[in-house]
Amino acid sequence: MNTANAAQHDMRWHNDGHTITMRINRSEIEIVEVSCPGGDECSSRSGCVVKYFVSRYGLECNIGACAPEEVMEICWALVGDDYDIDAAQLWFVPIKDEVFYAWMQSRV
Ligand SMILES: [Zn+2]
């Protein structure tokens, strides 16, 4: 995972209420559920792109940092074309990552 490289792309970030429900099992963090608020921005031929990538790659898609919590609200961005989802990559950042969130708000 290279955060610097990922951040260099001009990605369009979505802050639309997707959440990830997690369970801490000893020292492992398991993803229990990805909750999609609906809407057009995350929809693809494979359904919700956030669900698609997080169910495949889990926390590897996370390029932010925050204290673990049971329900984590995230921002997400897709690099590539959602028409060819296997060639694309999704990244997410917890909205409680203060550094990232401040940066994102400054771009809006
Ligand atoms: Zn969605």
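Q: How many bridges join β6 to β7, and in which sense do the two strands run?
A: In this predicted model, β6 and β7 run antiparallel and are joined by six bridges.

Q: Which residues of the largest nonpolar core touch the most other members?
A: In soluble globular proteins, nonpolar side chains tend to be buried together. Here the largest nonpolar core has 19 residues, and those that touch the most other members are V49, V50, F53, I74, W76, L90 and F92. At least two residues of this core come from each of α2 (49–57), β6 (71–79) and β7 (89–94).

Q: What does I74 touch, leaving out residues up to four places away in sequence?
A: With those neighbours set aside, I74 touches H18, T19 and I20, and also F92, V93, P94 and I95.

Q: Which residues of α2 are buried, and what covers them?
A: In α2 the buried residues are V49, V50, Y52, F53 and V54. Their cover includes β2 and β3, the strands β4 (43–44) and β5 (47–48), and also β6 and β7. Just after α2 comes G58, which takes a positive phi of about 60°.

Q: In which sense do β2 and β3 pair, and over how many bridges?
A: Strand β2, residues 19–25, pairs with strand β3, residues 28–35, in the antiparallel sense, and the pairing extends over seven bridges. Within it, I20 stands opposite V34 of β3.

Q: Is V32 buried or exposed, and which residues does V32 touch beyond its sequence neighbours?
A: A position inside a strand needs its own count, and V32, which lies in β3, is exposed, with 10 other C-beta atoms within 10 Å. Apart from residues up to four places away in sequence, V32 touches T21, M22 and R23. For T21, 11 residues apart from V32 along the chain, the C-alpha separation is 5.4 Å.

Q: Where is D81, and what is in contact with D81 once neighbours within four places are left aside?
A: D81 has its place in the loop between β6 and β7, and is exposed, with 10 other C-beta atoms within 10 Å. Leaving those neighbours aside, D81 is in contact with A87 and A88. The C-alpha atoms of D81 and S44 are separated by 9.8 Å, although the two residues are 37 apart along the chain.

Q: What order do the elements follow across the whole chain?
A: The chain has three helices and seven strands, and from the N terminus on they run α-β-β-β-β-β-α-β-β-α. Of its 108 residues, 20% count as buried. Among contacts between residues at least 6 apart in sequence, 53% join residues at least 24 apart.

Technical notes
Residues are numbered from 1 along each chain as its sequence is written. This is a predicted model: local features need pLDDT of at least 70, side-chain atom pairs count only at pLDDT 80 or more; totals for chains, interfaces and linings use all residues. A residue is buried if 20 or more other C-beta atoms lie within 10 Å of its own, exposed if 12 or fewer, and partly exposed in between; C-beta atoms are placed from the backbone. Two residues are in contact if their C-beta atoms, placed from the backbone, lie within 7 Å. A nonpolar core is a set of buried Ala, Val, Leu, Ile, Met, Phe, Trp, Tyr and Cys residues joined through C-beta atoms within 7 Å. Two strands pair if DSSP finds at least two bridges between them.
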